[in-house]
Amino acid sequence: MKVTLDEVAARAGVSLATVSRVLGRRGAVADATRTKVLEAMSELGYSRSTLLQDAPRRLVAVSAPGNPEHWQVQVCTRVSKALQDHDLLVTRPLVETDPEPLQVAIEAGAIALVTPTLTSLDTDIPCIRVDEQSAATLDEPGGQAVGGAPVSSATAGESGPATGPGSADIIAARLDLGGGMTTAFEHLRAIGHRRIGLICNDSGELAVQLIRRFLAEHPARNLGLRLEDWIAQVPKSFSGGSRAVLELKDATCTAVIVQSALQLHGALHGLRNRYLQVPRDMSIVGFGDSPTMKFTGPPATVLGLDIEGLSNALVAATLTTLRISTTGLPTVPPVFRPRLIARTSTTAARR
């Protein structure tokens with residue numbers, strides 16, 4: 001049976017963070033405490049390649065989820081470059097879909113995982129990630145996003161980063177999906193749309209959160225309608241988007257919010273094949289911007305994300321966790337609300 005770091009921490013009578021510092025050879029750990037941790041590992045039969053002699057540079061896993069969105073790939077690329085600029089080695093295993101690549105990275109000596117996934121991951125090393133801004137976190141001091149800008153409190157010099165539900169989770173930033181969905185709904189309602197649908201992936205935590213926010217924020221949520229009929233969960237693919245948009249058109253939706261770029265391109269194709277036009281017959285709002293969104297036919301209105309802000313928050317949390325930076329982290333992670341980038345794929349609903 002695999003021995004976990006939680007078991008090592010319990011046997012040594014220390015915290016998981018202390019065990020992680022011993023393994024990663026980072027931060028100040030008293031000699032007596034280090035000895036207790038090493039003895040606990042020996043007694044439990046725990047071994048890992050990080051117990052070999054020190055390498056000249058430390059290894060960090062920077063990982064997008066399986067089948068990532070474009071914005072997640074962009075964040076990982078920016079984070080990887082920034083960490084390499086701080087003389088860290090970076091590996092890029094995928095997470096969520098298959099645990100083996102990450103486990104290989106851990107066995108090779110990775111001392112932290114940095115990822116823009118919204119999923120809590122069960123890892124033996126600190127997982128520095130993004131979380132969704134839930135109703136509970138909105139009640140925290142400084143937790144309300146305003147005007148699309150990140151919100152954070154003053155830094156707390158000795159405070160650790162916020163932790164999520166996973167034992168090794170470190171929440172570096174929160175994504176206000178509810179605020180983003182409200183922004184999309186407000187835009188579409190202002191131009192006369194009421195029957196608004198959602199096209200999202202058939203798996204993944206982002207899709208789960210988008211559905212939850214869609215149902216909670218929809219302008220028709222109190223009218224006794226079955227909003228579930230206006231949700232199309234399909235594979236993240238061109239054909240999935242093409243099929244889904246026609247299903248929602250047949251359900252009399254006049255506008256849709258689309259999770260992925262592939263689905264959006266498919267939706268445009270599906271409507272054209274039925275001799276329908278965007279935005280005359282269906283308005284479309286994409287989630288997340290990318291270079292291709294400016295060149296769709298017509299250019300897509302999207303909920304854009306602050307890629308630089310999210311990347312900087314993940315980098316800052318990583319450097320603090322590894323004790324490379326001593327500036328500390330905000331007591332409340334910064335909150336990033338998607339902002340509407342209005343192009344020409346949305347227009348007034350037809351009467």
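**The segment after β14**

Ala342 is placed in the segment after β14 (339–341); strands (E, at least two residues) and helices (H or I, at least four) are DSSP runs, numbered from the N terminus. With a relative accessibility of 52%, Ala342 counts as exposed. Here buried means under 20% relative accessible area, exposed over 50%, and partly exposed in between (1.4 Å probe, protein chains only). The C-alpha atoms of Ala342 and Ala300 are 7.7 Å apart, although 42 residues separate the two along the chain.

**Basis of the values**

The structure is a predicted model, in which local features need pLDDT of at least 70 and side-chain atom pairs count only at pLDDT 80 or more, whereas totals for chains, interfaces and linings use all residues. Residues are numbered from 1 along each chain as its sequence is written, and side-chain values use heavy atoms, with hydrogens and water left out.

**Salt bridges**

Side chains of opposite charge can pair when their charged atoms come close. A salt bridge is defined as a side-chain nitrogen of Lys or Arg within 4 Å of a carboxyl oxygen of Asp or Glu, and by this rule the count comes to 16.

One of these bridges joins Lys81 and Asp85, with the closest N and O atoms 3.3 Å apart. Both residues belong to helix α4 (residues 70–85), where they are 4 residues apart, about one turn of the helix. Lys81 is exposed, at a relative accessible area of 52%, and Asp85 is exposed as well, at 56%.

Asp131 and Arg174 form a salt bridge with an N to O distance of 3.2 Å. This pair links distant parts of the chain, since Asp131 lies in strand β4 (residues 127–132) and Arg174 in strand β6 (residues 169–175), 43 residues apart. Both Asp131 and Arg174 are buried. They also take part in a network of salt bridges with Arg129 and Asp169.

A further bridge connects Arg212 with Glu132, at 2.8 Å from N to O. Because Arg212 lies in helix α8 and Glu132 in strand β4, the pair ties together parts that are 80 residues apart in sequence. Arg212 is partly exposed, with a relative accessibility of 38%, whereas Glu132 is buried at 3%.

**Helix α8**

Helix α8 (residues 205–217) has 13 residues and spans 18 Å from its first C-alpha to its last, close to the 18 Å expected at 1.5 Å a residue. The expected span is 1.5 Å times one less than the number of residues. The buried residues of α8 are Leu206, Ala207, Gln209, Leu210, Ile211, Arg213 and Phe214.

Arg189, Arg194, Arg221 and Arg351 form a positive surface patch. Patches consist of residues with over 30% relative accessible area and no salt bridge, like charges being joined within 9 Å and nonpolar side chains (Val, Leu, Ile, Met, Phe, Trp, Tyr) within 5 Å. The place of an Arg charge is taken as CZ. Arg194 lies in the loop between α7 (177–190) and β7 (196–201), and this residue is partly exposed, with a relative accessible area of 43%.

Thr252 is found in the loop between α9 (238–250) and β9 (255–258). At 41% relative accessibility, Thr252 is also partly exposed.

Technical notes:
Accessible areas come from the Shrake-Rupley method with a 1.4 Å probe; for residues, only the protein chains shown count as cover. Lys and Arg count as positive and Asp and Glu as negative; His and the chain ends are not counted.
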